[in-house]
Amino acid sequence: MTAELSSPVLKTDASTASTENVTASVDDIFAGLTRANSLSPSRASDFMTCPLLYRFRVIDRLPEAPSIDAVRGSVVHRVLENLFDLPAVDRTSHRANLLLAPVWEELLEREPELAEMFGGDTPDLTTWLDQCRNLLGRYFTLEDPQRLEPAEREVHVATQLGSGLTLHGYIDRVDVAATGALRIVDYKTGKSPGEHFEAKALFQMKFYALVVWRTRGVIPRMLQLVYLGNGEMLRYEPDERDLLATERKVEALWQAIQQATTRGEWRPRKSVLCGWCDHQALCPEWGGTPPPLPDRAEPEPFSA
Ligand code: SF4
């Protein structure tokens, strides 16, 4: 594993990407997908962080206030996605900044309540937009989008394991080299993790790599996390052993989730991450009481 301040870009070629068969099989899988039979990296991470948090999000489906950091991440992701709609020559920092306002306005139109995020303890809109511009500017110090032609962007991937569990998730970008080698890229608007947290950061990427391997029969050559918060990249070249270990880990995690569901036991796990949890008032670790478990019979929609 290497953490780099900059790296040579992989020239990609959209014409080498073959996605038709994959899309067809993924559609079949999505047809029967519910939260009761599927797992995404985000929900897997929730359970590993705190089983009670997983329950609040997946079983109780409790609402959460929009986070100013998460919305900034969504907006920056969308700008980077739209940037690649432009001809290569136009993919400049200036054009990325011009894309920012329309992306934000479109999001605000869909979710007007986001306007209430600003002020008080949080930055005002002008400062927040400046923060978005800084993150976009940092992107251009790490990659040259004029030299990239992503094969896929924001692609929803899914695969069913032998146990019947479906894994799914959204990959920010897939690059395919002329040799056919795949690179999976994920943008992060936070800072790169310290040495002790790299494994956690890579879990999501190995999860995606496992899904890609199972659906396309190819192990991605490179997993690349692009940290816009501090301008670093984390790269990892997975092998078959890595992905088999990830599969075993995910299956074990799913068994633990099934066991918690059967027993109705969702233990809280107090940590520094509680500071970001919306549900402290309902958490026994913070003097709260969880609501009774819902009695739902209808299939649950899946989410990332
Ligand atoms: S406050 Fe902490 S322990 Fe409680 S549910 Fe949230 S993350 Fe878990």
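These legends describe close-up views of a predicted model.

View 1. The chain holds 8 helices and 7 strands. It has 304 residues, and 30% of them are buried.

**View 2. The residues around the ligand.** Around the ligand there are 14 residues. Cys50, Pro268, Cys274, Cys277 and Cys283 come nearest. By class, the shell has 9 nonpolar, 2 polar and 3 charged residues.

**View 3. Helix H2 packed with helix H3.** Two packed helices are described by the angle between their axes and the distance between the axes. Here H2 covers residues 41–49 and H3 covers residues 51–59. Their angle is about 140°, and their axes are 5 Å apart. Angles over 145 degrees would count as roughly antiparallel. H2 and H3 are therefore oblique to each other. On the H2 side, the contact is made by Arg43, Asp46, Phe47 and Thr49. On the H3 side, Pro51, Leu53, Tyr54, Arg57 and Val58 take part. Sorted by class, the contact of H2 with H3 has 5 nonpolar, 1 polar and 3 charged residues.

**View 4. Strand S4 and its pairing with S3.** S4 runs through residues 166–176, and S3 through residues 152–160. The two strands pair in the antiparallel sense, over 8 bridges. Two bridge pairs can be picked out. Val157 is partnered by Gly169 of S4. Val155 is partnered by Ile171 of S4. S3 and S4 form a hairpin, with 5 residues between them. In the turn, Gly164 has a positive phi of about 100°.

**View 5. Strand S4 and its pairing with S5.** S5 spans residues 182–188. It is joined to S4 by 4 bridges, and the two strands run antiparallel. Val176 stands opposite Leu182 in S5. S4 and S5 also form a hairpin, with 5 residues between the strands. Gly180 of this hairpin takes a positive phi near 95°.

**View 6. Strand S4 and its pairing with S2.** S2 is made of residues 38–39. With S4 it forms 2 bridges, and here the strands run parallel. The bridge partner of Leu39 is Leu167 in S4.

**View 7. How covered S4 is.** In a regular strand the side chains alternate between the two faces of the sheet. S4 itself is mostly covered. Of its 11 residues, 10 are buried.

**View 8. Arg173, a charged residue within S4.** Arg173 lies in strand S4, and Arg counts as charged. Is Arg173 buried or exposed? A residue is buried if 20 or more other C-beta atoms lie within 10 Å of its own. Arg173 has 24 other C-beta atoms within 10 Å, so Arg173 is buried. Leaving aside residues up to four places away in sequence, Arg173 touches Pro150, Arg153 and Val185. Arg173 and Asp186 are 13 residues apart in sequence. In space they are 6.6 Å apart, C-alpha to C-alpha.

Technical notes
Residues are numbered from 1 along each chain as its sequence is written. This is a predicted model: local features need pLDDT of at least 70, side-chain atom pairs count only at pLDDT 80 or more; totals for chains, interfaces and linings use all residues. A residue is near a molecule or strand if its C-beta atom, placed from the backbone, lies within 6 Å of it. Axes are lines fitted to C-alpha atoms, for helices over the stretch in contact, and angles run from 0 to 180 degrees between N-to-C directions. Angles under 35 degrees count as roughly parallel, over 145 as roughly antiparallel, 65 to 115 as roughly perpendicular and the rest as oblique. Two residues are in contact if their C-beta atoms, placed from the backbone, lie within 7 Å. A residue is buried if 20 or more other C-beta atoms lie within 10 Å of its own, exposed if 12 or fewer, and partly exposed in between; C-beta atoms are placed from the backbone. Two strands pair if DSSP finds at least two bridges between them.
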